[in-house]
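The following questions and answers concern the structure shown below.

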Amino acid sequence: MTLQEVKEILDAQVIIAPQDPNLELKMACGCDLMSDVLAFTKEDSLLLTGLTNLQVVRTAEMANVRALVFVRGKEPDREAIALAMSKNIPVLVTDLPMYEACGRLYQRGLPGCSEVEEGSCAAHGG
Amino acid sequence: MAAETCLEKSFTILGMDFTNAGEVSSKVKKILKEAGVSPKVIRRAIISAYEAEMNVVCYAKRGTLTLSVTPEVLRIKVADEGKGIENIELALREGFSTASDEIREMGFGAGMGLPNIRKNSDEFRISSVAGQGTVLEIAFHRQPGENAGSGGGPPQS
């Protein structure tokens with residue numbers, strides 16, 4: 001699924017656009033515990049979260065999370081946006097709550113991290 | 001005989017400095033990328049380094065992270081001055097945490113840090129003296145031929 005599709009499905013606002021307009025995401029994870037993100041996400045994931053602090057961006061950087069979606073209409077603070085920008089991590093904000101945001105993406109075929117093998121191309125179209 | 005060290009670098013981490021928390025791990029990540037370490041090893045090492053860095057920020061007064069990279073292995077040592085860990089066995093249990101509300105609000109303190117570091121590392125050693133500090137030593141074995149075989153090779157200048 002492309003980030004553009006994610007934006008449309010979640011009626012999201014783009015805070016930081018991706019450098020690659022066709023940025024592909026293999027899988028997603030919805031989580032507010034950053035240690036769990038570090039423990040369970042795989043590379044090239046999309047992270048949906050309700051936390052908006054600097055550590056979310058740091059965690060995304062360390063875990064090679066491809067893009068961030070902040071749920072419940074929470075806008076990240078200026079420092080977090082500046083850091084995400086410097087690390088080239090795209091950021092979206094949706095008004096949807098976590099459960100509904102994850103549910104919509106899952107329903108449209110974006111799998112969870114436990115369902116995709118690391119390094120697998122299964123979620124890619126070809 | 002000591003193995004040949006290609007690179008060694010130390011960084012200071014300050015306790016309670018939540019604004020710069022992660023900065024050291026970010027620098028380490030850049031160094032490892034430039035050294036041509038495979039992305040898979042980098043990811044395991046950086047997740048561990050970041051958890052260790054957050055532990056210093058959250059629980060200690062200050063600490064030092066020392067990175068050393070040889071062709072065979074990369075080692076990370078994090079030594080801190082602080083309250084130490086009273087019961088290491090308990091601290092290694094998933095879900096056990098002594099974190100404050102402030103730490104939990106940032107998304108940490110879920111009791112996953114040390115277990116996560118142990119899971120990601122190939123060698124794991126921790127020692128601590130309550131009231132003095134903690135020393136964590138972890139190592140990651142580099143894969144043979146990683147420079148040639150990993151996802152198209154390292155970026156070259």
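Two strands pair if DSSP finds at least two bridges between them; helices (H or I, at least four residues) and strands (E, at least two) are DSSP runs, numbered from the N terminus. This is a predicted model, in which local features need pLDDT of at least 70 and side-chain atom pairs count only at pLDDT 80 or more, while totals for chains, interfaces and linings use all residues. Residues are numbered from 1 along each chain as its sequence is written, and chains are lettered from A and ligands numbered from 1 in the order in which they are written.

Q: In what order do the 5 strands of the open sheet in chain B lie?
A: The pairing in this sheet is antiparallel. Strand 1 (7–14) and strand 4 (123–129) of chain B are its edge strands, each pairing on one side only. The order is 1-2-3-5-4.

Q: Which residue stands opposite Ile13(B) in strand 2 of chain B?
A: Strand 1 and strand 2 (residues 60–69) of chain B pair in the antiparallel sense over 8 bridges. Within strand 2 of chain B, the residue opposite Ile13(B) is Gly63(B).

Q: Which residue in the hairpin of strand 4 and strand 5 of chain B takes a positive phi?
A: Strand 4 and strand 5 of chain B run antiparallel and are joined by 7 bridges, and Arg125(B) stands opposite Glu137(B) in strand 5. The hairpin has 3 residues between the strands. The residue with a positive phi, near 90°, is Gly131(B).

Q: Which strands of chain B does helix 2 of chain B touch?
A: Helix 1 (residues 23–34) of chain B lies across strand 1 and strand 2 of chain B, running at about 165° to strand 1. Helix 2 (residues 39–59) of chain B also packs on the sheet, and its direction makes about 5° with that of strand 3 of chain B. Contact here requires C-beta atoms, placed from the backbone, to lie within 7 Å. The strands touched by helix 2 of chain B are strand 1, strand 2, strand 3 (73–82) and strand 5 (133–141).

Q: Why are helix 1 and helix 2 of chain B described as roughly antiparallel to each other?
A: These two helices of chain B have axes 9 Å apart. Angles under 35 degrees count as roughly parallel, over 145 as roughly antiparallel, 65 to 115 as roughly perpendicular and the rest as oblique. Helix 1 and helix 2 of chain B are therefore roughly antiparallel; their packing angle is about 160°.

Q: Is Lys40(B) buried, exposed or partly exposed?
A: Lys40(B) lies in helix 2 of chain B, and its C-alpha atom is separated by 9.5 Å from that of Arg142(B), 102 residues apart along the chain. A residue is buried if 20 or more other C-beta atoms lie within 10 Å of its own, exposed if 12 or fewer, and partly exposed in between, with C-beta atoms placed from the backbone. Because Lys40(B) has 16 other C-beta atoms within 10 Å, Lys40(B) is partly exposed.

Q: Which residue of strand 3 of chain A is the bridge partner of Cys29(A)?
A: Both faces of strand 2 of chain A are covered, with Met27(A) and Cys29(A) buried on one side and Ala28(A) and Gly30(A) buried on the other. Strand 2 and strand 3 (residues 45–49) of chain A pair in the parallel sense over 4 bridges. The bridge partner of Cys29(A) is Leu47(A).

Q: Which element supplies the largest share of the side of chain A that touches chain B?
A: Between the chains, 18 residues of chain A are in contact with 17 residues of chain B. Helix 2 (34–40) and helix 3 (54–62) of chain A each supply at least two residues of the side of chain A that touches chain B. The largest share, 6 residues, comes from helix 3 of chain A.

Definitions and conventions
Contact = placed C-beta atoms within 7 Å. Axes fitted to C-alpha atoms, helices over the stretch in contact; angles between N-to-C directions.
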